[in-house]
Amino acid sequence: MNYLTKLTCARPRVSSADPNRDLLTETESNRGRIIQSAAIRRLQQKTQVYPLETNAAVRSRLTHSLEVQQTGRFLAQTILQRLSEAGQLQSLGLNNQETAFINLVEMACLMHDIGNPPFGHFGEAAISRWMQDKARPCYEKAFRGQKIRSTLLESTLLPDLFTYEGNAQALRVIHHLQDLNLTYSQMGALMKYTRTPYEPRPDEGSPDAYRKKKPGYYFSEANLVSDIWQHLSINDGCRFPLVYIMEAADDISYCIADLEDAVDKGILSFRDLRFRLYEVWEEFTEHNDYLPNIMASAIQRAGNNKQEFIVRLRTRLVRDLVDYAAKRYLQQHQAVFDGTLDEPLIDGQSDQHLALDTLKTVAIRHVFSSMEKETPELRGYSALMGLMDIFQPLLELTREEFTGISEKDSSRHFIEQRLYHRLSGKHKMAYHLAVQSLSDSDYTREEQDDLEWYYRARLLIDYVSGMTDHFVLTEFQSLSAI
């Protein structure tokens with residue numbers, strides 16, 4: 001194992017800065033590009049659990065991501081400290097690269113939700129359903145009633161559009177939409193899953209079932225992913241090692257935070273929270289006092305102070321979970337380094353995983369089904385679906401008609417042209433660059449036309465998914481004259 005084969009200064013485009021900059025400087029450059037990107041700023045008005053939340057103390061995607069960033073930093077430091085104590089930093093190529101290692105983990109944690117649409121996972125489902133219902137009729141109208149013209153569209157492009165996945169969109173956002181030109185290592189550290197939507201999900205029990213349980217990238221980023229794997233010496237379908245740290249940090253952070261927010265909003269009382277945690281823990285295990293002992297200690301020190309109880313509970317669990325995740329990272333070091341470990345660091349056989357599962361289950365049963373969460377989700381669903389309906393005419397134009405409204409005034413398609421003008425400039429640039437690249441490709445004419453329409457559909461998805469929760473409602477109301 002030599003981490004210098006994984007931690008690289010290389011970027012998709014040669015940087016205009018000093019070409020001899022070291023790894024630390026390049027990871028600091030990544031940090032600046034990421035923190036100053038519009039996609040990060042938008043996270044402050046995107047749902048974590050509660051859509052359209054007005055209480056600033058309740059977590060948004062941005063505040064959640066900051067917490068994940070800090071947990072990831074703590075976990076990376078713990079791993080490096082243990083490697084140092086074992087005298088292994090030099091042999092692993094990590095000597096004097098510790099800060100660069102931590103930087104890559106931190107920024108992957110900060111970006112991990114950057115592809116999430118408005119209204120969170122509910123928004124993912126809404127966009128997916130719209131494409132499943134409307135994409136094929138739109139295509140047939142754009143091609144004047146013709147059925148599917150190429151096997152590429154049927155086998156690859158339509159299935160790719162039918163599944164919106166925030167993890168896959170994250171890679172698209174940072175590379176094709178925001179054009180951050182991050183190092184290959186930074187992009188690799190973001191990729192949790194290693195298949196596309198048009199690849200079948202592996203059967204349970206297959207050696208890559210976990211790494212491929214969800215799509216990790218779209219067809220539009222397939223060439224980029226091949227470049228990432230080549231530059232980082234990653235075998236097809238395998239992970240970058242730092243992804244395991246980012247994933248563990250996310251799991252540790254959100255499970256505790258979701259319940260804390262529920263107590264703050266009055267969805268769960270302090271008494272209900274304690275009762276539900278005990279209740280679910282007893283369902284999951286017998287004769288095991290790991291979580292009850294932690295809770296008893298927190299109750300003893302906090303009394304009836306609910307905030308103090310949650311602080312005590314969170315502090316102990318974070319410490320234990322980070323310690324366990326670091327231990328697992330080192331126990332499975334070769335598989336982690338190779339990217340073949342097909343389970344999370346906090347695995348299902350441990351007390352720590354049972355504790356996480358307990359927190360998740362309480363949230364699913366008693367928080368995620370609350371009216372406070374579901375009512376604004378339904379509002380968001382109506383607005384998202386309605387907004388995509390409004391922009392649907394853009395997908396029903398022929399390629400020549402769409403080119404016409406994008407390049408000159410059109411009296412015939414004046415509605416579609418005004419819709420086109422509302423799209424983001426960066427998103428339109430990504431579309432035009434993708435279409436321009438087709439002329440130099442080996443695709444047939446029919447495939448090129450299908451690909452143009454695919455990138456047009458991506459343009460609509462990019463625009464809607466990049467919106468904040470409130471902007472979806474505002475834009476829908478504005479265009480609907482409501």
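This is a predicted model: local features need pLDDT of at least 70, side-chain atom pairs count only at pLDDT 80 or more; totals for chains, interfaces and linings use all residues.

First, a term I need: buried means under 20% relative accessible area, exposed means over 50%, and partly exposed is in between, using a 1.4 Å probe and protein chains only. Residues are numbered from 1 along each chain as its sequence is written, and side-chain values use heavy atoms, with hydrogens and water left out.

**Entry 1: rings**

I looked up Tyr3 and found it buried, and Phe337 is buried too. How many aromatic pairs does a search of the whole structure find? I got 14. My rule was that rings of Phe, Tyr and Trp (its six-membered ring) pair if their centres lie within 6.5 Å; planes under 30 degrees apart are stacked, over 60 edge-to-face, and the rest tilted. Tyr3 and Phe337 make an edge-to-face pair, with 5.1 Å from centre to centre and 75 degrees between the planes. Tyr3 is in the segment before α1 (23–35) and Phe337 is in helix α14 (residues 333–338), so this pair ties together parts that are 334 residues apart in sequence. For the helix names I went by DSSP runs: helices are H or I with at least four residues, strands are E with at least two, and both are numbered from the N terminus.

Next I checked Phe402 and Tyr420. Their ring centres are 5.6 Å apart and their planes are at 85 degrees, so I logged the pair as edge-to-face. Phe402 belongs to helix α17 (residues 399–407) and Tyr420 to helix α18 (residues 414–422), so the pair ties together parts 18 residues apart in sequence. Both Phe402 and Tyr420 are buried. I also noted a cluster in which ring pairs link Tyr198, Phe219, Tyr454 and Tyr455.

**Entry 2: charges over rings**

I count a charge as over a ring if NZ of Lys or CZ of Arg is within 6 Å of the ring centre and within 35 degrees of the ring normal. Phe337 turned up again here: the charged end of Lys6 sits over its ring, 5.1 Å from the centre. Tyr420 came back as well, with Lys428 over its face at 4.4 Å from the ring centre.

**Entry 3: the cores**

A nonpolar core is a set of buried Ala, Val, Leu, Ile, Met, Phe, Trp, Tyr and Cys residues joined through side-chain atoms within 4.5 Å. Which residues touch the most other members of the largest one? Of its 100 residues, I found that Phe101, Leu242 and Leu317 do. Helix α10 (residues 242–264) gives the largest share of this core, 13 residues. I then listed what Leu242 is in contact with (heavy atoms within 4.5 Å). Skipping neighbours within four places in sequence, the list for Leu242 is Leu7, Phe101, Leu104, Val105, Ala189 and Tyr329. A second, separate core has 52 residues, including Phe402 and Trp453.

Glu260 is also in helix α10. Is Glu260 buried or exposed? I wrote down buried, because its relative accessibility is 10%. Again skipping neighbours within four places, Glu260 touches Arg59, Gln307, Ile310 and Arg314.

**Entry 4: salt bridges**

My cut-off was a side-chain nitrogen of Lys or Arg within 4 Å of a carboxyl oxygen of Asp or Glu. The structure holds 31 salt bridges. In one of them, Lys134 meets Asp389 at 2.7 Å, N to O. Lys134 sits in helix α5 (residues 120–142) and Asp389 in helix α16 (residues 371–391), so the pair ties together parts 255 residues apart in sequence. Lys134 is partly exposed at 24%, and Asp389 is partly exposed at 35%.

I looked up Glu475 and Arg422 next, and their side chains meet in a salt bridge at 2.8 Å, N to O. Glu475 is in helix α21 (residues 469–480) and Arg422 in helix α18, 53 residues apart. Glu475 is buried, with a relative accessible area of 4%, whereas Arg422 is partly exposed at 36%. Last item: Glu28, Arg31, Arg73 and Glu106 are linked in a network of salt bridges.
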